[in-house]
Amino acid sequence: MEELVYDITKSFDDGNKDIDFVLTVDEVQDFLTVFLSTGKFKPVSIEWAKPNISGYDREYYFSLCRFDENEILVSPAYNDDRLISIGDDSIVLVSAGVKVDTYSKFVKSYDNVVLFDIED
């Protein structure tokens with residue numbers, strides 16, 4: 001995970017695009033913890049809770065973005081049964097842990113979608 005965070009942070013510094021993730025509910029907590037602990041990113045909007053608290057048990061959208069500085073935005077990837085809309089020029093990294101259906105929807109909707117596995 002440390003190598004992934006280093007590589008992502010370096011890519012974020014070198015580029016001018018947001019870096020977006022699609023994560024399982026369980027992965028969000030780890031990503032929030034490690035990216036906030038770098039001190040480089042500040043939360044701008046966090047809409048996440050365990051399913052037994054929120055009732056939402058699907059994937060989440062996690063974005064390293066540049067609204068004012070370097071911010072983190074987290075929201076459910078679905079609003080009812082519709083996929084949320086994100087910027088067309090973002091790089092979208094989809095966790096191998098998400099459902100195949102969700103991955104397929106992102107691939108159909110966006111150009112820069114990459115499947116990744118945290119274990120690799």
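Colleague: What relative accessible area does Asp101 have?

Modeller: Asp101 is partly exposed, at 45%. The class follows from the cut-offs, because partly exposed lies between buried, under 20%, and exposed, over 50%. Please bear in mind that this is a predicted model.

Colleague: With which residue does Asp101 form a salt bridge?

Modeller: The partner is Lys105, and the closest N and O atoms of the pair are 3.3 Å apart. The pair qualifies because a salt bridge requires such atoms to lie within 4 Å. Lys105 is partly exposed as well, with a relative accessible area of 27%.

Colleague: Where do Lys105 and Asp101 lie, and how many residues apart are they?

Modeller: Both belong to helix α4, residues 100–109, and they are 4 residues apart, which means a separation of about one helical turn.

Colleague: How many salt bridges does a search of the whole structure find?

Modeller: The search finds 2. One of them joins the side chains of Arg58 and Asp81, at 3.0 Å from N to O. Arg58 is partly exposed at 21%, whereas Asp81 is exposed at 61%.

Colleague: Let us turn to the sheet. What is the order of its strands?

Modeller: The order is β2-β4-β3-β1-β7-β8, an open sheet of 6 strands with mixed pairing. β2 (42–46) and β8 (113–116) are the edge strands; each has a single partner strand, so one side of each lacks a neighbour in the sheet. From one strand to the next, the twist averages 20 degrees.

Colleague: Which strands pair with β1, and in what sense?

Modeller: β1 pairs with β3 in the antiparallel sense over 5 bridges, and Leu23 stands opposite Tyr60 of β3. With β7 (residues 91–95), β1 runs parallel, joined by 4 bridges; there, Val22 has Val94 as its bridge partner.

Colleague: Are the residues of strand β1 buried or exposed?

Modeller: In β1 (residues 19–23), 5 of the 5 residues are buried, so the strand is largely enclosed by the rest of the structure. Ile19, Phe21 and Leu23 point one way, and Asp20 and Val22 the other way.

Colleague: Which strands does helix α2 lie across?

Modeller: Helix α2 (residues 25–37) lies across β1, β2, β3, β4, β7 and β8, at about 15 degrees to β3. Helix α4 lies across β1, β7 and β8, running at about 155 degrees to β8.

Technical notes. Residues numbered from 1 in each chain as written. Predicted model: local features only at pLDDT ≥ 70, side-chain atom pairs only at ≥ 80, totals over all residues. Heavy atoms only, no water. Buried < 20%, exposed > 50% of the residue type's maximum accessible area, 1.4 Å probe, protein only. Helix = DSSP H or I, 4+ residues; strand = E, 2+ residues; numbered from the N terminus. Pairing = 2+ DSSP bridges. Axes fitted to C-alpha atoms, helices over the stretch in contact; angles between N-to-C directions. Contact = heavy atoms within 4.5 Å.
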